[in-house]
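Hi,

Here is the structure I promised to pass on.

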Amino acid sequence: MRILLIPLVYLLVVSYTDTHPTDGLALTFSEQFNPPALNTSVWNYGYPWGSYHNHRANTVPRQAKITPEGYLNISAIRERTITLGILTDFGPIDLDFTSGAVNTNGKFCIKNGYVEVNLRASDVQSTWPSVYLIGEDQTTVPMITIMEVFNSRSRFTYGFRYANDQATAEDESYTADNRETSSGFHRFGVDWGYDQITWYYDDQWVKTIVKSNELKQVDNMCLVISFGVGGKSKDTPIDPRAYPTLMSVDWIEMWQPKYDGFYKFENTHTGFVMEIESALTTERARVLQWHDNGGDWQKWHVQYAGHGQYRIFAAHSRQALDAYGWQTNNGAPLIQAVYHAGDNQLWKINEVDGSPGVVQLISVHSLNQPGPGKLVSVPASSTDAGIQLHLWEEVNNADQKWKMIRL
Ligand SMILES: *[C@@H]1O[C@H](CO)[C@@H](O)[C@H](O)[C@H]1NC(C)=O
Ligand SMILES: *[C@@H]1O[C@H](CO)[C@@H](O)[C@H](O)[C@H]1NC(C)=O
């Protein structure tokens with residue numbers, strides 16, 4: 001038994017101590033909810049589509065307040081502000097409560113990156129606190145749920161909603177157990193790019209899903225913070241004596257990818273640019289250094305894959321920068337290959353020397369192996385045009401540094 005336990009513990013340590021990545025990301029939005037009032041150049045009251053949704057509270061601005069301590073406190077009270085007679089998936093809407101919601105629609109929405117919210121949910125089990133991202137078109141497909149709590153306060157649910165091949169909404173939803181939500185403040189984060197979505201709780205990795213096809217539906221996403229009553233919590237009886245109750249949001253950060261678009265990579269030692277040999281469009285064509293001649297085979301489409309990682313496509317072939325045969329050894333040759341979102345085709349882009357735009361390209365697959373990570377390098381610092389690039393461990397040479405020139 002003891003022999004079995006050791007490798008298991010080792011695996012858990014390796015895969016679950018991952019904190020949220022900031023590599024290749026820049027902090028572009030930081031909201032502290034400073035008094036006296038909600039900043040309406042960033043926030044709207046209610047939902048993007050109006051004042052109510054699929055639960056029993058109508059939202060009004062007065063229930064979403066900035067407090068003198070610098071919180072956004074959203075309160076739910078038993079008070080009827082409007083009457084409706086409609087049915088939803090979660091039961092009849094009987095709007096006999098009043099609460100609050102806020103959203104950034106049309107004011108601050110991001111295509112991808114990392115969003116983190118530090119909040120305390122209400123301890124009343126019939127409330128439905130939630131934080132999610134939806135498109136600027138105000139529909140709920142696609143939707144990335146950062147967190148929602150219904151019934152139990154010691155777990156939260158998160159997920160991704162997208163349109164499937166039949167164009168109907170499909171929900172992929174998960175529950176993280178043994179996570180406190182109402183005892184003190186906790187950090188709920190989500191990172192998403194063109195391939196992956198990753199959730200975090202208190203800066204610890206929770207889950208990653210790869211959804212390259214479905215993420216094509218995701219464009220600018222806007223934040224919604226909502227404090228529902230009933231709804232998904234409908235199985236928990238509403239005890240009116242538990243109200244008023246509140247959820248508090250302390251701060252929010254949003255990080256965005258530093259790179260998105262077409263670039264040339266110019267070696268800081270040789271001055272040559274990274275290219276595909278002879279503009280070949282065949283798989284496994286070699287990646288070389290060569291004189292800059294403006295060809296599309298010397299232009300690279302850089303996109304944030306998620307989880308602090310980038311994918312890099314040759315513009316002329318749409319094939320990806322790839323370390324041949326999943327090699328991670330010093331000298332592993334670089335080629336182009338059809339993209340399959342594998343770790344041997346994913347790269348960390350790290351700025352070096354404090355110079356914006358001068359970077360190292362580190363193979364993600366090599367980072368998952370024992371030993372040092374491997375960088376896109378010029379073999380033996382060669383100044384010959386036409387030499388094939390390869391992976392090599394960091395030796396702090398100029399031939400491992402690339403100037404990213406935005407096209
Ligand atoms: C409101 O938000 C905008 C945009 O982020 C910011 O420039 C401005 O300083 C904020 N105003 C206050 C009072 O914080
Ligand atoms: C806002 O929420 C915080 C934390 O949950 C709480 O300590 C504080 O009393 C609330 N402030 C007001 C004015 O309700």
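Alanine 167 is exposed, because 7 other C-beta atoms lie within 10 Å of its own. For that label I use C-beta atoms placed from the backbone: a residue is buried if 20 or more others lie within 10 Å of its own, exposed if 12 or fewer, and partly exposed in between. Alanine 167 is found in the loop between strand E14 (155–163) and strand E15 (169–177). Its phi is near 65°, a positive value in a residue other than glycine. (Strands, E, of at least two residues and helices, H or I, of at least four are DSSP runs, numbered from the N terminus.)

Before you go further: this is a predicted model, so local features need pLDDT of at least 70 and side-chain atom pairs count only at pLDDT 80 or more, while totals for chains, interfaces and linings use all residues. Residues are numbered from 1 along each chain as its sequence is written, and chains are lettered from A and ligands numbered from 1 in the order in which they are written.

Alanine 279 also has a positive phi, of about 55°, although it is not a glycine. It sits in the loop between strand E22 (273–276) and E23. Alanine 279 counts as partly exposed, because 15 other C-beta atoms lie within 10 Å.

There are cis peptide bonds to check as well. The bond from proline 35 to proline 36 is cis, with omega near 10°, and proline 36 is placed in the loop between strand E1 (25–31) and strand E2 (44–45). The bond from valine 141 to proline 142 is cis too, with omega near -5°; proline 142 belongs to the loop between strand E12 (127–135) and strand E13 (143–148).

Now the overall picture. The protein chain has two helices and 32 strands, and its C-alpha trace spans about 80 × 55 × 45 Å along the principal axes. Of its 407 residues, 42% count as buried. Taking contacts with a separation of 6 or more, 65% are accounted for by residues 24 or more positions apart. (Two residues are in contact if their C-beta atoms, placed from the backbone, lie within 7 Å.)

The domain assignment gives domain 1 (19–257) and domain 2 (261–406); such bounds come from an automatic or database assignment. The C-alpha centres of domain 1 and domain 2 lie 38 Å apart. Where they meet, 17 residues of domain 1 are in contact with twelve residues of domain 2. Strand E16 (186–192), strand E17 (196–201) and strand E18 (204–210) each supply at least two residues of the side of domain 1 that touches domain 2. E17 gives the most to that side, with three residues. By class, that side of domain 1 has seven nonpolar, seven polar and three charged residues. (Ala, Val, Leu, Ile, Met, Phe, Trp, Tyr, Cys and Pro count as nonpolar, Asp, Glu, Lys and Arg as charged, and the others, Gly among them, as polar.)

What about the core? The largest nonpolar core has 95 residues, of which Leu133, Ile144, Ile146 and Trp347 touch the most other members. (A nonpolar core is a set of buried Ala, Val, Leu, Ile, Met, Phe, Trp, Tyr and Cys residues joined through C-beta atoms within 7 Å.) Strand E19 (residues 221–229) gives this core its largest share, seven residues. Both domain 1 (19–257) and domain 2 (261–406) give residues to this core, so it lies between them. Leaving aside neighbours within four places in sequence, isoleucine 144 is in contact with Tyr132, Leu133, Phe160, Val190, Trp192, Ile197 and Met221.

Leucine 288 is buried, because 22 other C-beta atoms lie within 10 Å. Not counting residues up to four places away in sequence, leucine 288 touches Glu275, Glu277, Gly386, Ile387, Gln388 and Leu389.

Last, the ligand. Ligand 2 is surrounded by Thr67, Tyr71, Asn73, Arg120 and Ser248, where near means that a residue's C-beta atom, placed from the backbone, lies within 6 Å. That shell has one nonpolar, three polar and one charged residues.

Cheers
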